[in-house]
Amino acid sequence: MRTIVHNSRHWYSTWAICCSFLGCLHIEQGLAMSADTETAGVYGRTLGAKFGDEGAPFIRTRSLQCADIAVTDLCARPIGRINDPLPRVDAYMICLLLTDLPDNCYWLDGRQVSKFSLQAGQVTIHDLRREPRALMDKHLRTLMFYVPCAAFNAVADDVNVRRIQELHYEPGVGLFDRTIKHIGLSLLPALRSPEQVNRLFTDYMTLALTAHVAQSYGGMQTFARPLKGGLAPWQEKRSKEMMAVDLAGAPSLREIAAACGLSVSHFSRAFRRSTGFAPHAWLLQARIESAKTMLRKGDTPLSTIALSCGFADRSHFTRVFTRQIGLSPGTWRKMVAN
């Protein structure tokens with residue numbers, strides 16, 4: 001079993017660590033993401049149906065142009081046979097196990113290649129070009145990240161380094177990867193409440209996972225010259241305006257970056273350097289400040305404030321506000337009124 005420990009001196013590793021750290025903080029849940037189509041049956045409900053979980057929740061992000069990234073929360077039931085094959089597509093499946101899986105029999109290209117016991121918290125990597133399959137004779141809970149090779153190419157092109165050819169790993173063997181584990185666990189609340197998903201947050205997290213996997217398992221070079229400056233004043237103003245106009249977080253990370261004339265990863269780094277916050281964290285602060293302004297004005301119902309400030313409902317607003325401020329909205333309003 002292999003443990004991955006990334007080098008924090010590298011820019012991409014640092015970025016992934018930051019994303020993992022943010023995920024360990026209070027997760028802000030916001031706008032539900034549109035997911036009415038699914039690519040080739042390799043994520044979402046079509047994927048779930050192959051494992052007896054027809055209602056599997058999933059999130060799809062489009063932070064990289066021409067490369068959807070998706071994560072599916074799969075609760076597979078034992079069917080007593082090898083699972084149906086997945087379509088052969090130019091992509092990888094990165095799986096974070098949430099339950100133990102003893103004596104897992106694993107096939108590639110129609111041939112059994114391994115039999116290993118896997119533990120909750122371990123990660124397995126699967127090349128979807130090689131038709132990975134397993135004996136489904138046990139219950140299994142896992143997060144399945146669908147990452148097309150086009151996403152790895154886009155990340156490499158974005159920072160002007162050589163594209164990776166393939167990921168390096170031992171088929172069927174579990175490994176411990178703290179970055180993937182933190183990102184996966186950070187996304188669980190969003191998968192449980194898709195109507196409250198913050199689009200900027202999920203864009204940021206899936207992009208961080210893609211960069212981390214490309215470096216740790218594909219040998220992608222780190223960005224040799226870290227960004228020295230932040231956004232230009234007009235770029236900072238434009239990006240904040242786009243997020244503040246719609247506090248529900250409707251603009252995607254890619255749309256905001258494009259409006260600033262930057263790539264997604266360049267914009268994310270520059271925004272953080274300029275403001276001290278990742279984009280989704282800045283949006284959360286903007287929502288809280290907007291709510292405070294409305295609370296100070298008088299007796300506006302909390303449900304009205306919640307919707308006006310981009311929260312899903314009153315209970316969602318109360319949970320997030322209390323976590324961030326330490327007081328409930330009602331208590332805070334009474335305190336500032338005295």
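The crossing of helices α4 and α5 is left-handed, a term used when the near helix is turned anticlockwise from the far one by less than a right angle. In this predicted model, local features need pLDDT of at least 70 and side-chain atom pairs count only at pLDDT 80 or more, while totals for chains, interfaces and linings use all residues. Residues are numbered from 1 along each chain as its sequence is written, and side-chain values use heavy atoms, leaving out hydrogens and water.

The axes of α4 (residues 178-192) and α5 (residues 199-218) come within 10 Å and cross at roughly 160°. That makes α4 roughly antiparallel to α5 (an angle over 145 degrees). On the α4 side, T179, I180, I183, S186 and L187 meet a set of α5 residues that includes F201, M205, L209 and Y217, contact being heavy atoms within 4.5 Å. The residues of this contact divide into nine nonpolar, four polar and no charged.

Turning to the strands, an open sheet has four of them in the order β4-β9-β6-β7, with antiparallel pairing. Between β4 and β9 (residues 133-136), the antiparallel pairing runs over two bridges; at least two bridges found by DSSP are needed for strands to pair. Here R81 stands opposite M136 in β9.

Finally, R254 belongs to helix α7 (residues 253-259). The R254 side is partly exposed, at a relative accessible area of 31% (between the limits of under 20% for buried and over 50% for exposed, with a 1.4 Å probe and protein chains only). The C-alpha atoms of R254 and R62 are separated by 7.6 Å, although the two residues lie 192 residues apart along the chain.

Note on methods: Axes fitted to C-alpha atoms, helices over the stretch in contact; angles between N-to-C directions. Helix = DSSP H or I, 4+ residues; strand = E, 2+ residues; numbered from the N terminus. Parallel < 35°, antiparallel > 145°, perpendicular 65-115°, else oblique. Nonpolar A, V, L, I, M, F, W, Y, C, P; charged D, E, K, R; others polar.
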